[in-house]
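Please keep the model open while reading.

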Amino acid sequence: MGETMKALVYQGPGVLELEERSIPMPKDGEVQIKINTVSICGSDLGAYRFASDRFAPPLVLGHEFSGDITMVGENVKDLKVGQKVTVNPMVLCNDCFFCRRGEGNLCGNRKSMGTAIGGTQTDGAMREYVTVPDWMVVPVADNVSYEAAAMLEPCGVTLACAKKGMTEDEKSVVLIGAGPIGLLIVKFLKALGVEKVIVSDILDTRLKKAKEVGADEVINAKEEDVVARVKELTDSYGADRVIIAAGVGSSINQSFELVRNGGTIVLVALMHEKVEIDPMEIVGRGLKFLGSYMFTSEMKEAAQMLADNRLNVEDLITSTYPLERGKEAFDVLNDPKNTEIKVQIKL
């Protein structure tokens, strides 16, 4: 069997088991990475809660991670042993209409680490070693911590979202939902120069954090009339753009009330419920409704921002667990009363 490593394996809802597995060796054009840090994503937690074809067990979860290259296969250029890296977890075909256009996030043949998307179980990073093709690797500067580097995948998602539908004359953005994704979006909206960022959520702990990371105004939707408050803050017109980062169907109809005529709504939350809308809201008011999915170049852009000290993400990390206690980390996040923002697993 050769040398073995520990892997945290998802066996179905509520079941994560520590197993011994063979250490994968890099093939031609691949590198082997010793994992240092893995962040738990909302989609990992979703798999832990509910059975889904997207996460068919047995599967090693985890697609937000960092580590060091420990071995390089033949024909690998520009990467070397000892290099600190993260990985774009999208396993693309690199050959379709979308891949050729540089829109790999829309590749219909895509697989993704830590999921069974595309009908194939593609193990993720909650294990000691992974091997990936060299083109998936994103180098990380030495001055960037492993913890921050393990946040670069959600940084890619949120930077792409923050840029989506942005206009030069944009003055105000309302963000619905201040979870880990929402909070990163706040950071990027401010970094991109948005004058007024207004955040709504139902948890004061998250709103307090939103204020800390740059939000100009925060609204507790349980205690205040969000629409009335946003109108008050935007000369009664509504916001130039509304970003929905909460996976609650009602937030779509609320976004129509929050956006100004001719404005833009961006949906980034992975929302699975069906929602009834009035199409005349879009037509009669000249609205733009955009979906923001994954990213293209933004993971590398965010890595550069971290290297240049123009971005701080470590203030969103609230707890760290060793791999052996990985199930405990999931159970903590599964508690509806938890106040965690970003939880990481350290190997």
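In this predicted model, the second largest pocket has a volume of about 310 Å³. Its lining is made up of 18 residues, and those nearest the centre of the pocket are Asn88, Leu92, Trp135, Thr296 and Lys300. Two elements give two or more residues each to this lining, namely strand 10 (137-139) and helix 10 (298-307). Sorted by class, the lining of the second largest pocket comprises nine nonpolar, seven polar and two charged residues.

Helix 10 also takes part in a helix packing, and its partner there is helix 4. The axes of helix 4 and helix 10 come within 8 Å and cross at roughly 105 degrees; since angles of 65 to 115 degrees count as roughly perpendicular, the two helices are therefore described as roughly perpendicular to each other. On the side of helix 4, the contact is formed by Leu152, Glu153, Cys155, Gly156, Leu159, Ala160 and Lys163, which meet Glu298, Met299, Glu301, Ala302, Ala303, Met305 and Leu306 of helix 10. The residues in this contact of helix 4 with helix 10 divide into nine nonpolar, one polar and four charged.

Helix 4 (residues 152-163) has a further packing to consider, with helix 5 (residues 180-191), where the axes lie 8 Å apart and the angle is about 55 degrees. Helix 4 and helix 5 are therefore oblique to each other, and their crossing is right-handed. Here Pro154, Cys155, Thr158, Leu159, Cys161 and Ala162 of helix 4 meet Ile181, Leu184, Ile185, Phe188 and Leu189 of helix 5. By class, the contact of helix 4 with helix 5 contains 10 nonpolar residues, one polar residue and no charged residue. Cys155 and Leu159 of helix 4 are listed both in the contact with helix 5 and in the contact with helix 10.

A separate packing involves helix 7 (residues 226-233) and helix 8 (residues 250-258), whose axes come within 9 Å and cross at roughly 30 degrees. Because an angle under 35 degrees counts as roughly parallel, helix 7 is taken to be roughly parallel to helix 8. The crossing by which helix 7 passes helix 8 is right-handed. Val226, Val227, Val230 and Lys231 of helix 7 make this contact together with Gln254, Glu257 and Leu258 of helix 8, and the residues of the contact fall into four nonpolar, one polar and two charged.

Technical notes
Residues are numbered from 1 along each chain as its sequence is written. This is a predicted model: local features need pLDDT of at least 70, side-chain atom pairs count only at pLDDT 80 or more; totals for chains, interfaces and linings use all residues. Side-chain values use heavy atoms; hydrogens and water are left out. Axes are lines fitted to C-alpha atoms, for helices over the stretch in contact, and angles run from 0 to 180 degrees between N-to-C directions. Helices (H or I, at least four residues) and strands (E, at least two) are DSSP runs, numbered from the N terminus. Angles under 35 degrees count as roughly parallel, over 145 as roughly antiparallel, 65 to 115 as roughly perpendicular and the rest as oblique. A crossing is left-handed if the near helix is turned anticlockwise from the far one by less than a right angle, and right-handed if clockwise. Contact means heavy atoms within 4.5 Å. Ala, Val, Leu, Ile, Met, Phe, Trp, Tyr, Cys and Pro count as nonpolar, Asp, Glu, Lys and Arg as charged, and the others, Gly among them, as polar. On a 1 Å grid over the protein atoms alone, a cavity is a set of points where a 1.4 Å probe fits but cannot get out, and a pocket is an open set with protein on both sides within 12 Å along at least five of seven lines; lining residues have an atom within 4 Å of a point. Grid points are joined across faces, edges and corners, and a volume is the space filled by probe spheres set on the points.
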